Each structure stands twice: as structure tokens, then as C-alpha cells.
Amino acid sequence: MTGDGRRALTGIKATGDEQPLGPGGAMAGAATPPGGRTIDPAAVPDLVERFRRGERRALSRTLTQVENATPAGREALRALFPSSGRAHVVGVTGPPGAGKSTLVNRLIAEWRGRGRTVAVVAVDPSSTLTGGATLGDRVRMMATYADEGVFIRSMATRGNLGGLARATRGIVWTLDAFGFDVVIIETVGVGQDEVEVARTAQTTLLLQVPGLGDDIQAIKAGILEIADLLVINKADRPGAGELKRDLAMMLTLGGHAPPGGWRVPILETSAARGEGIGELADAVEGHLRHLKEGGEWARRERAMLLDEIQGLVRGRILAQVDRLFHDDPAFDALLARLVARDWATAVARSTT
Amino acid sequence: MADQQRIRVLVAKPGLDGHDRGAKVIVRALRDAGMEVIYTGIRQTPEMIASAALQEDVDVIGLSILSGAHMAVFPKIMELLRAGGMDDVVVLAGGIFPDEDVPKIKAMGIRGVFGPGTPLSEIVEFIRANVGRPEAA
């Protein structure tokens, strides 16, 4: 612990006694090489204390540990989880290029204008080939850099397919515990079936843009079913009227209305021009009131936590199954029978 | 679990020139090398870069600059990083620099300076060696 880190600050907030993890820092001589950001679990109480004092550097460090599911991350989340559950978690999803980042940038400004603090988790896909990722959502949100009431964190999906990363929920809890009033989750650009955001956010905005498909798209199962609010972005473009009619028709066909008597509104925005943003923010707040008044908030909290537990249990079981595939000689024998086109023996073995 | 840690890199273009083709080539190369690369776009002030680096908790910052303003902009960025407790971040500079400036840039604490024509693999290897953590395959 160096503890000498009180430094004169310009431009960014004081971070106090941050310890460099590199040479000479807290991790010097430890197994983690210079630059490795894994924190020793023993350092977590100090990290959490600085987190609770509102130090953004401590928040940022904690987010890394939670994202990487390190022992320190689990320890920190254990300490911070009781402080979460207060933020309004708003999911923003839609196809690539629909204007999600631009809209999120507008919503940040709108909510800051209303006195709310805002955190953003922006998720972009990892390469399935290399595991690398380009996280580019931040480009459209750089205007907030000097605002202490805003915190933006990019994360890659790291192989998760539902539109978010596996660690997104933990990241949201951490930002929630830090005290942000609103936590926005921007999903990867989604197609039809990436609905995980609805199990992570209390309010889900689905962006649609004119010109992507006909009215049959609007009655397909999938992502349209999870929207609490439908947003037609780029509403100044040709085709916005037809899209609105198609979506309205889909809604009046009924059958998929979210429980609790909420009527899904259709809003029109032009995020690039900054049009319709106030109305959208009003509608999101209307949904929050609906959740709180009708008991739906508690129901969704319960569903989210159940989903988290189920995910953890499934993950552990899958890890055990994976070990079986890798370590069990009987499995190799079974595979050899299948390769030899000996179906009967293979099936007999696999069912015993 | 091996892939739960990735080298995170912020690629930023300080200064007023709008030529970000080179920066995008770097973003792509680092991504293809398995890193998570946060791109912040053109015309970034030192304050924007330091603020983004803090929020993203990156291992590496790559600064791409062609405008010739590096001797004005780099010291400010390094000062802000130090002030923000980010002394441990590996900072690289790419662009066109007069030979006599290179030692001065390195003296600021910028560990790697890469001029035009640097093979992308050299930059990837430099990052891996300096972050000191082998890429999770």
C-alpha cells in the first residue's frame, strides 16, 4: 500500500490514495505481472471504502474486478450489493445503426437537465474469432466528460449471445450501489431474439427505424414482445408513418401486453436532431411510476434475481459437464464409436 | 475462465486534425489481436482522454496525432493521468514526429513512439510486452 497518492488535481476528480498496480505498486512481486489489473482480495475493504466515499477511480477499478469475475470482484459485489436496488435501470435496444448511442447521449443530457445522475453501460460484441472487440459507443457520448454526474463504461459481450455480457448485471448493480439515479444499458445491435436486456432492466426501450421490413416483421415473436416503450428513431425519414401504423396494429392485436395493465406507447424521435427526447424521457418516467404503483417493480426485481440465480446454477452445471467432455475417457470411447458410424453401441453407452 | 481478462486499450485522437484512418487501422489491428479497444473519436481534448481512460479503467492508451501539436498536448495528457492516479497505464504515441522530439516524448513517460510505416505487429507485441500479461487465447 503506497498511500501517498494525494495529488494535486486538474480536470478530474480527486481519487485519493489510489495504488498503482504496476511496478512498485500494490501488486509488485505478486503473481500478476505489471499492468495486470487483478486486485488482491485483501485490498477490497480499502477499495470499497473509497467507493463509498464517491471516488470514481475506485468505482472504475471495482467495475473491472466485477467484469472479470475475480475473487476481489465477488468480494466487492458482496459488500456493495445491499446498497443497490435504488436506481432506475433502463435498457435501450434495437438493430445496429438504429441510433441507440446517439439517443442515449440525448437521454443523458435530458436527465442531467432534470437533476438526475446517469450511468451508462454500453455493450458491443466481441469477435468470435479472436475475442477482441471494438467498443465504439462512447464516441457519441464524449460531451459529458467533465460532468461528475455521468459515468460511461463500455463492455464487450465476451461470447455471450443475448445482447449483453454475462457480467452486465453485476456492472449495473455496482453503478446502482455507487448512487446513480438512472443506469442505462445500451445493448449490442440486436436482431430478433436478443431479449436478455428485459431481464436486466426495469424499463426496456426498443428502437425501430423506418425502412427495415414490412408489416409481417411487426407480428413476429421475439424482441417486440419485450418492449415497454417502442421508439421510432429517425422519425424524420420516409416510412416512419407506415412503421408507426404497423407497430400500432401489432399492439392492438394484443396477446403480448406486459402484465400490470401497461399500454406500450409508441414514441417518435430524431436523436440526431434532438427531437422528441423530452417526451421520451417523460414516457420512461411514466413507466417508472407505473412499476412503483402497481407492484410490478417488485415482481420484476424478483424475476431478475431468479434469473441471476438460475444463470449461476446453470453455469456451474455446464462447467461440470465441460470437465466431463475433457477429462472422461468413456466420453472419448463414445466419440470413437460415433466416428466409426457405430450408432447403436454409442447410443447404448450414452444412455447407461 | 481464461478469457475473462482482456487487455483494454483506449485509442484517442487528441488535437484538431480530423484524419482518423490511421487510428481506425490501429483499432482494428488491436481488436484482431484479441484486445478490447475503446475508440473515442477525433478532436479529443486532454481532459476528455483522461476522463475516458479513468471510466474505462484501461491498461493502455494509444494517442494518434498528425497535427504537430504533440509537444503541447502530450504533457497535458500525462499530467492529467498522473493526477487521476493512472500512472500505471501504458501510453503510446503514433503519428508523425520530428526525430528530435522522440526523446522528449519518451521523457514525458510515453513508453512507445511509433512513426509512419510501423508494422502493426510491432505495436501489438509492444503492448503485450509492456502490459506484461499474455493475451488469453
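Reader: Start with the overview: how many helices and strands does chain A have?
Author: Chain A has ten helices and eight strands. Keep in mind that this is a predicted model.

Reader: And what share of chain A is buried?
Author: Of the 352 residues in chain A, 51% are buried.

Reader: OK, on to α2(A) and α5(A). At what angle do they cross?
Author: Roughly 160°, with the axes coming within 9 Å. Here α2(A) covers residues 56-67 and α5(A) covers residues 168-178.

Reader: So are they roughly parallel or roughly antiparallel?
Author: Roughly antiparallel, because the cut-off for that is over 145 degrees.

Reader: Left-handed or right-handed crossing?
Author: The crossing of α2(A) and α5(A) is right-handed.

Reader: Which residues meet there?
Author: From α2(A) you have Arg56(A), Leu59(A), Thr62(A), Leu63(A), Val66(A) and Glu67(A). Their partners in α5(A) are Gly170(A), Ile171(A), Thr174(A), Leu175(A) and Phe178(A). By class, that contact has six nonpolar, three polar and two charged residues.

Reader: Why would residues three or four places apart point the same way?
Author: An α-helix has 3.6 residues a turn, so residues at that spacing point the same way.

Reader: What follows α5(A)?
Author: Gly179(A), with a positive phi near 115°.

Reader: Back to α2(A). Is Thr64(A) buried or exposed?
Author: Thr64(A), which sits in helix α2 of chain A, is buried, at a relative accessible area of 0%.

Reader: What does the side chain of Thr64(A) make a polar contact with?
Author: The side chain of Arg153(A), at 2.8 Å.

Reader: Which residues does Thr64(A) touch?
Author: Leaving out residues up to four places away in sequence, Thr64(A) touches Arg37(A), Arg153(A) and Asp57(B). Asp57(B) is in chain B.

Reader: Switching to chain B, then. At what angle do α2(B) and α3(B) pack?
Author: About 35°, with their axes 9 Å apart. In chain B, α2 is residues 46-56 and α3 is residues 70-83. The crossing of α2(B) with α3(B) is right-handed.

Reader: Which residues are in that contact?
Author: Pro46(B), Glu47(B), Ile49(B), Ala50(B) and Ala53(B) on the α2(B) side. On the α3(B) side, they meet Val73(B), Lys76(B), Ile77(B), Leu80(B) and Leu81(B). By class, the contact of α2(B) with α3(B) divides into eight nonpolar, no polar and two charged residues.

Reader: Last pair: how do α9(A) and α10(A) pack?
Author: Helix α9(A), residues 329-339, packs on α10(A), residues 343-350, at about 155°, with the axes 8 Å apart. That makes the two roughly antiparallel. Their crossing is left-handed.

Reader: Who makes the contact?
Author: On α9(A), Ala333(A), Leu334(A), Arg337(A) and Leu338(A). On α10(A), Trp343(A), Thr345(A), Ala346(A), Arg349(A) and Ser350(A). The contact of α9(A) with α10(A) has five nonpolar, two polar and two charged residues.

Methods. Residues are numbered from 1 along each chain as its sequence is written. Chains are lettered from A and ligands numbered from 1 in the order in which they are written. This is a predicted model: local features need pLDDT of at least 70, side-chain atom pairs count only at pLDDT 80 or more; totals for chains, interfaces and linings use all residues. Side-chain values use heavy atoms; hydrogens and water are left out. Axes are lines fitted to C-alpha atoms, for helices over the stretch in contact, and angles run from 0 to 180 degrees between N-to-C directions. Helices (H or I, at least four residues) and strands (E, at least two) are DSSP runs, numbered from the N terminus. Angles under 35 degrees count as roughly parallel, over 145 as roughly antiparallel, 65 to 115 as roughly perpendicular and the rest as oblique. A crossing is left-handed if the near helix is turned anticlockwise from the far one by less than a right angle, and right-handed if clockwise. Contact means heavy atoms within 4.5 Å. Ala, Val, Leu, Ile, Met, Phe, Trp, Tyr, Cys and Pro count as nonpolar, Asp, Glu, Lys and Arg as charged, and the others, Gly among them, as polar. Buried means under 20% relative accessible area, exposed over 50%, partly exposed in between (1.4 Å probe, protein chains only). A polar contact is a pair of N or O atoms within 3.5 Å; within protein, one must be able to donate a hydrogen and the other to accept it, and residues adjacent in sequence count only if both atoms are side-chain atoms.
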